[in-house]
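Student: I have a structure open and want to go through a few spots in it. Can we start with the side chains?

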Amino acid sequence: MTQGHKVVVGEFAESPMEAVEHHLSLQPMERPDAASLQPHEVLIGIRSAAVGWVDLLMTSGQYQHMPQPPYTPGMEYAGVVLVTGTAVDAAQVAVGDPVLVDGLQVGPRSGGRYQSQGGFASYAVVPDTAAIRLPDKLSFDEACCLLGNYETAYHCLVVRGRLKAGETVLILGATGSTGLAAVHVAKLMGATVIAAGRSDAKLAFVQAQGADHVVNITHPDGSPGVRPFRTDVKALTGGRGVDVVYDGVGGEVSLESLRCVAFGARFLIVGWASTPGVANGRGQRGAPNANQLPTNLIMMKGLEVLGAPMVIATVNDPSLRAPRLARILQWVNEGRLKPHVSRTYPLADFKDAMRAKWNGEVIGGCVLHP
């Protein structure tokens, strides 16, 4: 059967949820003709595609990379090689191989000629260099949640944060996909992990995944805002505070976590999931709602505040990537690292999947099955 489907973002919306409700559609997709492949291209039959936070932000043009609509979302995906171009080396990738696709070379975040080949689709045409044979220990679902999450966690914690064995790290948003990846990476580096989140049930799962301690940052009475959780963190560190903060949340949580650190700590800016509307919607850019940190606390704590944009850093210094990928794949092949996928949906239910991701209902990975 050659008839498939793909999700199309017709135009940018004011917000991701407006886009999901009004500007995304499921459309028919013909299987690309094998004769149309360039010599170094391969045709992938997509089995699993991750639903990422960034995929949602892109639909309103509020992410730094802006694929122009109409486009197919889905930065990361995995599947089976159906056809290879005439110059593809079978020792590298061959017909029938299960592969994961490199989202820095292909798809809406790639920025190149393959930007249109998003994973919310039945098929994709990608360069042979972007098709990585699936590690034996990973399923398609796990594989499509590997690179973006664990490369981000590794770059932030190891390269920027210089995390060492024996140090203590506070991971904010630990129940999300990159947050859970950060828990895994930090433990593999020999650190003590304090995981912060908003749900006791989710935090219990994160603790089962390796976190040493968990802290619920919500008020027990259900009132809005963030409770002063510094007392918890200081108690867990003998009054000293943490050596590293991994902050993918922003807003009020960032401000409170500044009071949870030891002198000279490293504060890693990974994202701002709690305040996603930093930029104007509809791709208008600007940053009218930018997060702010208090310089007095930064100075008095002797903090190193470190921006940690994995993709932008890699574009500026491609040499960062090879050792990062080698370490991550080594951990996978040793059976020490495995992404957790908590939700899967058929492609036709892509709106439900995107809503669940946006509303924080997912622990770790959320995956579509085209």
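Student: Is tryptophan 53 buried, partly exposed or exposed?

Tutor: This is a predicted model. In it, tryptophan 53 has 24% relative accessibility, so it counts as partly exposed. The cut-off for buried is under 20%.

Student: How many aromatic pairs are there?

Tutor: The count is two aromatic pairs.

Student: Where in the chain do tryptophan 53 and tryptophan 358 sit?

Tutor: Tryptophan 53 is in helix α2 (residues 53-58) and tryptophan 358 is in helix α12 (residues 350-358).

Student: New topic. Is serine 177 buried or exposed?

Tutor: Serine 177 is buried, at a relative accessible area of 16%. Its place is in helix α5 (residues 177-188).

Student: What does serine 177 touch?

Tutor: Leaving out residues up to four places away in sequence, serine 177 touches Asn149, Lys357 and Gly364. The side chains of serine 177 and asparagine 149 are also joined by a polar contact of 3.4 Å.

Student: And how do α4 and α5 cross?

Tutor: Their axes come within 8 Å and cross at roughly 55°, and the two helices are therefore oblique to each other. The crossing is right-handed.

Student: Which residues meet there?

Tutor: On the α4 side they include Asn149, Tyr150 and Leu157, and on the α5 side they include Ser177, Ala181 and Val185.

Terms used: Residues are numbered from 1 along each chain as its sequence is written. This is a predicted model: local features need pLDDT of at least 70, side-chain atom pairs count only at pLDDT 80 or more; totals for chains, interfaces and linings use all residues. Side-chain values use heavy atoms; hydrogens and water are left out. Rings of Phe, Tyr and Trp (its six-membered ring) pair if their centres lie within 6.5 Å; planes under 30 degrees apart count as stacked, over 60 as edge-to-face and the rest as tilted. Helices (H or I, at least four residues) and strands (E, at least two) are DSSP runs, numbered from the N terminus. Buried means under 20% relative accessible area, exposed over 50%, partly exposed in between (1.4 Å probe, protein chains only). A polar contact is a pair of N or O atoms within 3.5 Å; within protein, one must be able to donate a hydrogen and the other to accept it, and residues adjacent in sequence count only if both atoms are side-chain atoms. Contact means heavy atoms within 4.5 Å. Axes are lines fitted to C-alpha atoms, for helices over the stretch in contact, and angles run from 0 to 180 degrees between N-to-C directions. Angles under 35 degrees count as roughly parallel, over 145 as roughly antiparallel, 65 to 115 as roughly perpendicular and the rest as oblique. A crossing is left-handed if the near helix is turned anticlockwise from the far one by less than a right angle, and right-handed if clockwise.
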